[in-house]
Amino acid sequence: MRSSQIIFLTGFLFSFTVLYQEYESALIPTEKGAVLAFTSDNKSFSIELISENVEPLEQRNLVKIDDWILQAFIIGFDNPKNVDLSTEEEQKKSLSQYVMYEINYFKEELGFKCDSLELKWGQLNNNYFYFWHFNTPDSLETLHKQIFLTTICHDQFLNMNIPLEKTKNFKDAKDLLFTIGRTLKIEDKPVDFDELYNELNK
């Protein structure tokens, strides 16, 4: 990504609950591509997009990586019972509930059948993820699947999504999502976007 401008990304699709901590996000250019960072007043997390061609698109939350479109968005959640989400069992339980919430949204609000739905649980580095995908309706002439990689970062569900076009390969899309997922960094401190830009571009 050749631009030296930090791109601030505002607004997310919807909130999973009414109560959640507010996060800001920015796409920060680096020599290798870009870092997409999210921060609140006391916590942060980020993913790295490695490519010479990384650029934000006009539609919110969308980034173009070479010939791929990536949507990265967060959904906040409340944890009133203080469930220990550091364990694999509790993360899997919480992520399962959330992913089903998203699937129901596609079915009930968008009218998708979500044919050939598959969900796979796994670990990339030290973080657990759900990899899930389904076929899109035939009415979407250029698309074949919606592919997601979803995880928990503090009090947020982080979704990384690639809409797979019919002319593109499923394995290539999966490999790209997994490559991005492996770069996830979760910090128990906030990040200043200007300071992060300077640090990444020394």
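This is a predicted model: local features need pLDDT of at least 70, side-chain atom pairs count only at pLDDT 80 or more; totals for chains, interfaces and linings use all residues.
Leaving out neighbours within four places in sequence, Asn 135 is in contact with Cys 114, Asp 115, Ser 116, His 144 and Lys 145. Asn 135 belongs to strand 9 and counts as buried, because its relative accessible area of 18% falls under the 20% cut-off. Two of its neighbours are also joined to it through polar side-chain contacts. The side chains of Asn 135 and Lys 145 form a polar contact of 2.7 Å, and a polar contact of 3.2 Å links the side chain of Asn 135 to that of Ser 116.

Most residues other than glycine have a negative phi. Ser 116 is partly exposed, because its relative accessibility of 46% lies between the 20% and 50% limits. With a relative accessible area of 49%, Asn 125 is partly exposed.

Cys 114 is buried at 6% relative accessibility, and Cys 153 is buried with a relative accessible area of 0%. A search of the whole structure finds zero disulfides.

Seven strands form an open sheet in the order 5-6-7-11-10-9-8, with antiparallel pairing. Strand 5 (54-56) and strand 8 (118-124) are the edge strands, each pairing on one side only. From one strand to the next, the twist averages 25°. Within the sheet, strand 6 and strand 7 are paired in the antiparallel sense over four bridges; Leu 62 has Gln 71 of strand 7 as its bridge partner. Helix 1 (residues 88-110) lies across strand 7, strand 8, strand 9, strand 10 and strand 11, and runs at about 25° to strand 9.

In soluble globular proteins, nonpolar side chains tend to be buried together. In this model, the largest nonpolar core has 31 residues, and those with the most contacts inside it are Ile 47, Leu 49, Leu 158, Met 160 and Leu 177. Two or more residues of this core come from each of strand 3 (33-39), strand 4 (44-50), strand 6 (62-65), strand 7 (68-76), strand 9 (127-135), strand 10 (143-153), strand 11 (156-165) and helix 2 (170-181). Helix 2 provides the largest share, five residues. A second, separate core contains 17 residues, among them Leu 85, Tyr 130, Trp 132 and Phe 148.

Not counting residues up to four places away in sequence, Leu 49 touches Leu 27, Lys 32, Gly 33, Ala 34, Val 54, Val 63, Ile 65, Leu 70 and Ile 180.

Definitions and conventions. Residues are numbered from 1 along each chain as its sequence is written. Side-chain values use heavy atoms; hydrogens and water are left out. A nonpolar core is a set of buried Ala, Val, Leu, Ile, Met, Phe, Trp, Tyr and Cys residues joined through side-chain atoms within 4.5 Å. Buried means under 20% relative accessible area, exposed over 50%, partly exposed in between (1.4 Å probe, protein chains only). Contact means heavy atoms within 4.5 Å. Two strands pair if DSSP finds at least two bridges between them. Axes are lines fitted to C-alpha atoms, for helices over the stretch in contact, and angles run from 0 to 180 degrees between N-to-C directions. A disulfide is a pair of cysteine sulfur atoms within 2.5 Å. A polar contact is a pair of N or O atoms within 3.5 Å; within protein, one must be able to donate a hydrogen and the other to accept it, and residues adjacent in sequence count only if both atoms are side-chain atoms.
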